[in-house]
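Student: I have a new model open. Please show me how to read its features, one at a time.

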Amino acid sequence: MSDLHAQTVAYVRDTMLPEAEPPLTERGAIKWLRENLLSGWVNAILTVVSLYLIYWVLAHIGPWFVNSIWVADSLDECRQIRDAVNNGEPSACFAVITERWQQLLYGFYPSHLYWRPNLAFVLLFVALAPILFDNLPRKLMWFSLLYPFIAFWLVWGGSIWMPVSVLAGLMIAIAAFGIMARFSSLIGVIAAFAAPVIWWLFLAAPVADAVHSLIPIGIETANSKQIGGFMISVIIGLAGIVLSLPIGVVLALGRQSDLFIVKTICIGFIEFIRGVPLITLLFTASLLLNYFLPPGTNFDIVLRVIIMVTLFASAYMAETIRGGLAALPKGQYEAADSLGLDYWKAQRLIIMPQALKISIPGIVNTFIGLFKDTTLVIFIGIFDMLGLTNSIRASTDWNGVYWELFIFVALVFWICCFSMSQYSQWLERKLQTEHR
Amino acid sequence: MKRTIFVGALTVAGLAAGVASAATLDDVKARGTLNCGVATGVPGFAAPDANGEWQGFDVAVCRAVAAAVLGDPSAVSFTPTTGQTRFTALASGEVDMLARNTTWTFSRDTDLKFDFVGVNYYDGQGFMIPKALGVSSAKELDGATVCIQTGTTTELNLADYFRINNLSYEPVPVETNAEAQQQYLAGACDVYTTDASGLAATRATFETPADHILLPEIISKEPLGPLVRHGDNEWGDIVMWTLNALVAAEELGVTSANVGELSATPTSNPEINRLLGTEGELGGMIGLSNDWAKNAIMANGNYGEIFEKNIGENTPIGLTRGLNAQWTNGGLLYSPPFR
């Protein structure tokens, strides 16, 4: 301000105006409404229409839920209760869930053994914790490694020496590598693959039987036909998830490899599996293998399905991870080379951590897809939850119940898939290292 | 060329499977359980109850065979099979017999290399309509919209029937019975057609079953029966005669209530004696103990009792005996003599 105006201005206010509230339309709920719902006549109309639609849906579904009947022995009884208590208003008959929820969760698993899958399920989170959250003691990882064998034993039961004997195969692999790697690292790798396979195929079972006859430690056996419901989805889904990630990484690397045969095999495998519907692979597992295997072979159907689902998921996983690898700037590879790291070290320390981080949404997408695909086993006569809804309806008591069962199944799947999705978003935020 | 090799490999594998499991009876006895293929869920015929125990009309056949062979009706391991997996499961030896409402047809018996050992339910394709339609015969269905499951023999039967009778119709294709039920109730089609037993079971689940009627016309033959692999006639005989024993027991008045008493000492009826093993050595002729038929009948009762318990008029499914009555009552059940 210049002196020029010193006498021309009659009055200069020297105190601040008191702070006033913003106008009514610019604050609080009204502002929010104006900005988000009524910011123009088109949006206003859309808001009204949407609100009406929501009301319409709720008005139709709401009473049905509110009037739910939870205790009845059959659909008929449900209908009688509805007519007597709810004056014939539409009512959900969730009594079917009350009566059959155990079957939906465990299939035909013997009810006095429910504690075993329950325990396995609880231990699952103990085993997952050190993998999912890196601020836990690293020693817990040993438990995670042992967990598959513990879970197998808890669910299927039988002699403890069978999982131990399978586990011994891994020790044999390490030992074989240690001994043979002295001659050449390639021979070491081959031995590390061949020795355990020979062990598992020919020796594991007889050895386990022999030890069991000496020191019988075992629990009641449950066979694969008894396992069903949500349990089979978790078993197949989890095994598929755990196995497909490492196989996918190997396939993705193989596809980028310079070695002609490795590259061709990887591309061939990935493109073949991706070109075939999962249901075809499941039918192969259940039907065709029966013809090709020597008669009398007892190749567990659940194991067959797990193998097929794993192969299927790993092909998709490989492509997801290849996307992550492709997104890495070339400079990262060159930086690794210039540090003098060999191929495996470069992958382990520089390339994979970044590529996997980029691929997290895709990886979780594959996981969720895989978990939901487990319902396809219904077509080969394995009773997952969806299959059980069918057989529950086949009992004369519950013939005609649809929505209640489907809502229950959808809810259980939603909880699992939503948790996976939330964890992956948390992981993405945690690994966010770019400077913005 | 490649195709030939593939087919050849299949055949060899199939033959090998056939040879290895030639003595199904020995396998079953050694195993201690009967592997029985059933449907994944057909109301009244096969369904697991709240405790996971399989129940139903077809299931009862499995239990009777298990009781005859092993003396224990609960020594059955049920393998649920779908329409696609049922035949492979049987051919590959995964199951010892199939009791899964399967229609006995020429090609299944010959080309697929199975042996149907009898008929436990004579079914046929029927029509269900709302009463309000005011139709009393299928011949009046000209121009009707018909809900029909795609890819089934019922679809072909329907086309044949309407062509023979010079009627027109509009098909509403549906995938499953559940979908058909919803479509029919929503009025998307005037008529729902499938096997008559299935129609009865479906109608039983409606809120007001009385508003819907089954038309009297049955337009196809669907003899449903248990089947075994071709080539093991001893085993086929056992399943066949177990089924016959259940039928004969009804004819002879042997029930689950009186079988214990009748088999304790020889009765005045020699055929009952031979059936229950108090006279003759019929059991030994098929490699079983002499009380095999007694065990089979004790498992679930005779054919009539099994029928009444699972699908009869006092159950929600409410089927009448119809063709499935004894030959003495105008039905088709006719067991060869036990002699």
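Student: Arg100(A): buried or exposed, and at what relative accessibility?
Tutor: Start with the cut-offs: buried means under 20% relative accessible area, exposed over 50%, and partly exposed in between (1.4 Å probe, protein chains only). Arg100(A) has 2% relative accessibility, so it counts as buried. Keep in mind that this is a predicted model: local features need pLDDT of at least 70, side-chain atom pairs count only at pLDDT 80 or more, and totals for chains, interfaces and linings use all residues. Residues are numbered from 1 along each chain as its sequence is written, chains are lettered from A and ligands numbered from 1 in the order in which they are written, and side-chain values use heavy atoms, leaving out hydrogens and water.

Student: Which residue forms a salt bridge with Arg100(A)?
Tutor: The general idea: a side-chain nitrogen of Lys or Arg lies within 4 Å of a carboxyl oxygen of Asp or Glu. Here the partner is Glu99(A), with the closest N and O atoms 3.2 Å apart. Glu99(A) has 27% relative accessibility, so it counts as partly exposed.

Student: Where do Arg63(B) and Glu53(B) lie?
Tutor: First the naming: helices (H or I, at least four residues) and strands (E, at least two) are DSSP runs, numbered from the N terminus. The side chains of Arg63(B) and Glu53(B) meet in a salt bridge, 3.7 Å from N to O. The pair links distant parts of the chain, ten residues apart: Arg63(B) is in helix α3 (residues 57-70) of chain B, and Glu53(B) is in the loop between β2 (47-48) and β3 (54-55) of chain B. Arg63(B) is buried at 12%, while Glu53(B) is partly exposed at 42%.

Student: Which residues are linked in a network of salt bridges?
Tutor: Arg255(A), Glu271(A), Arg274(A), Glu319(A) and Arg322(A).

Student: At what angle do helix α9 and helix α12 of chain A pack?
Tutor: Axes are lines fitted to C-alpha atoms, for helices over the stretch in contact, and angles run from 0 to 180 degrees between N-to-C directions. Helix α9 (residues 229-255) and helix α12 (residues 301-327) of chain A pack at about 45 degrees, with their axes 5 Å apart. They are therefore oblique to each other. Oblique is what remains after roughly parallel (under 35 degrees), roughly antiparallel (over 145) and roughly perpendicular (65 to 115).

Student: Where does Gly240(A) lie?
Tutor: Gly240(A) lies in helix α9 of chain A. Gly240(A) is buried, with a relative accessible area of 0%. The C-alpha atoms of Gly240(A) and Val309(A) are separated by 6.0 Å, although the two are 69 residues apart along the chain.

Student: What is phi of Asn87(A)?
Tutor: Most residues other than glycine have a negative phi. Phi of Asn87(A) is near 50 degrees, a positive value in a residue other than glycine. Asn87(A) sits in the loop between α3 (75-85) and α4 (95-106) of chain A. Asn87(A) is exposed, at 67%.

Student: And what is phi of Asn166(B)?
Tutor: Near 60 degrees, also a positive value. Asn166(B) is in the loop between α6 (153-164) and β10 (169-174) of chain B. Asn166(B) counts as exposed, at 69% relative accessibility.
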